[in-house]
Amino acid sequence: MKLKHKIFGGVVWNFTGLIIDNGLSMIVKLILARLLLPEDFGIVGFAILFMGMINIFSDMGMSAALIQRKDVELKPIDYDTAFWIGIAWGLFLAAILSFVVTPISVSFFNEPQLYSILPVLSISLILKPLNTVHIVNITREMDFKRIVLPKNISHIIAAAFAIVMAFMGFGVWSLVFQRLLTDLSLVVIYIYMSPWKPRMRFSKNSLKSIFGFGVYTTGTGIFNYLTSNVDYLLIGKMLGAQPLGIYTLAYNVTYVIRGQIMNVVNKVFYPVYSKIQDDPATVKRYYFKVIKYNCIIIYPIMVGLILLAKPLVIIGLGEKWIEAIIPMQFMAGAGLIHLLTSSNTILLRGIGKPRLELIMSIIKTLGVTVPFIVLGVIYSGINGAAVGLLVSKTVIFFINNITLRKVANIKFSEIFNNAGSLFAITLITVILSVFIQEYSILTVLFVVYLLAHLKVSYQDIKQIMVLYKEKRSK
């Protein structure tokens, strides 16, 4: 099968899975938001912050290293080594989370429930390594159907349990077991469906080679996590569970949705960049496609949230979530800017430059994101944090442009030639919405924007449909 058909198939399957997952997730969130309190979401938000911090180390970058490696360099013993090291490391991290991190988190947030919640969530650190090699193999083959379907099934199972538990009055534990059952279900599915089985062998050379690449991607993950969660840490510490619960909802509706859609494309193109890393012109061409397709898909969602956040929140969630409206709008605005260079880290990793990826993550996190968000939280709480996020993404956009020009000869002007029209009509629409208060008029403005967006994107959508027909005819 041609590479372009594999790419198209991967994007279609990942996007289909995303629609199912997000449709299900949105329905479940609406149900749970009605049944649970903002404080419940805030407490789980506390736990996820520390759980996520430890979870960065769970893979040690082994998945990225195995996917990036060229076919001629990869050996079966590399998989076995990664599997057994992953399990041993997962057990170690689960112990660290339960006995070391948990007391720290309880003291930091002054929330005793974390004593029982975090040890339960630590089980996921033991479960995830069981799937690592299965997912690596499937990703290298670009057979994304076998990744998407198991994830959809596991999310459906976990969501059903969470809703039942919420109805039965389990409160915050409904959210805890939703996360845990997702990972447990996925392990069972992959053990059943995957032909790969680990062998009892280990290679020091394999570990050294894998870790040499993975240490940089792990470091990048740490700073990316800090970038994504410094606002949570500050809001949770300074303002408490209730504001954090509201901010978390705003983040989930904007950044999580945007990030998941981006991951659809990024998951497909990471192995693609790895395969074509010796062909700079092709890498550059594909990178522009990633930017364009992300903008085509995500911009209408973000614009809709900016224009219609208030009626969506009040009608969908209720008056108790009204404070989430302003953060949601600013986060959506940050997403619009971030999309123009959002896939640069995947590009750097795919062409074998994880060290540069790590350096850039450190600069952007400590030099840009953290200072702006800290100032925002101090001066204006959750609204200030969202504004800080918007400003930081604007600064990071220009930093990314400098890096891309030096590494891949991708120029600022080329990015705007590629997606500038989409950004221009989006920016004009957002500016106009500032002067409009009537939601009927904002709805009309949104419809006009969608028509303009469709006109600008028509040729790209047409090319996608042609490719779809070609693939169907194979």
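The bend at a residue is the angle between axes fitted to the seven residues ending there and the seven starting there. Helices are DSSP runs of H or I with at least four residues, numbered from the N terminus. This is a predicted model, in which local features need pLDDT of at least 70, side-chain atom pairs count only at pLDDT 80 or more, and totals for chains, interfaces and linings use all residues. Residues are numbered from 1 along each chain as its sequence is written, and side-chain values use heavy atoms, leaving out hydrogens and water.

**View A. A kink in helix α4 at Val101.** Look along α4 (residues 76-109) for a kink of about 45° at Val101, shortly before the proline Pro103. Asn110 follows α4 and has a positive phi, near 55°.

**View B. Helices α12 and α16 pack together.** Here α12 (residues 280-316) meets α16 (residues 412-434) at an angle of about 5°, with the axes 9 Å apart. The pair is therefore roughly parallel (an angle under 35 degrees). Axes are lines fitted to C-alpha atoms over the stretch in contact, and angles run from 0 to 180 degrees between N-to-C directions. Among the residues that meet are Phe288, Ile291 and Tyr299 in α12 and Leu422, Phe423 and Val430 in α16. The contact residues comprise 13 nonpolar, four polar and three charged.

**View C. Ala386 in helix α15.** Ala386 sits in α15 (residues 354-408) and is buried, at 0% relative accessible area (buried means under 20%, with a 1.4 Å probe and protein chains only). Beyond its neighbours within four places in sequence, Ala386 is in contact with Tyr247, Pro327, Phe330 and Met331 (heavy atoms within 4.5 Å). Its C-alpha atom is 8.2 Å from that of Ile326, 60 residues apart along the chain.

How values were computed:
Helices (H or I, at least four residues) and strands (E, at least two) are DSSP runs, numbered from the N terminus. Angles under 35 degrees count as roughly parallel, over 145 as roughly antiparallel, 65 to 115 as roughly perpendicular and the rest as oblique. Ala, Val, Leu, Ile, Met, Phe, Trp, Tyr, Cys and Pro count as nonpolar, Asp, Glu, Lys and Arg as charged, and the others, Gly among them, as polar. Buried means under 20% relative accessible area, exposed over 50%, partly exposed in between (1.4 Å probe, protein chains only).
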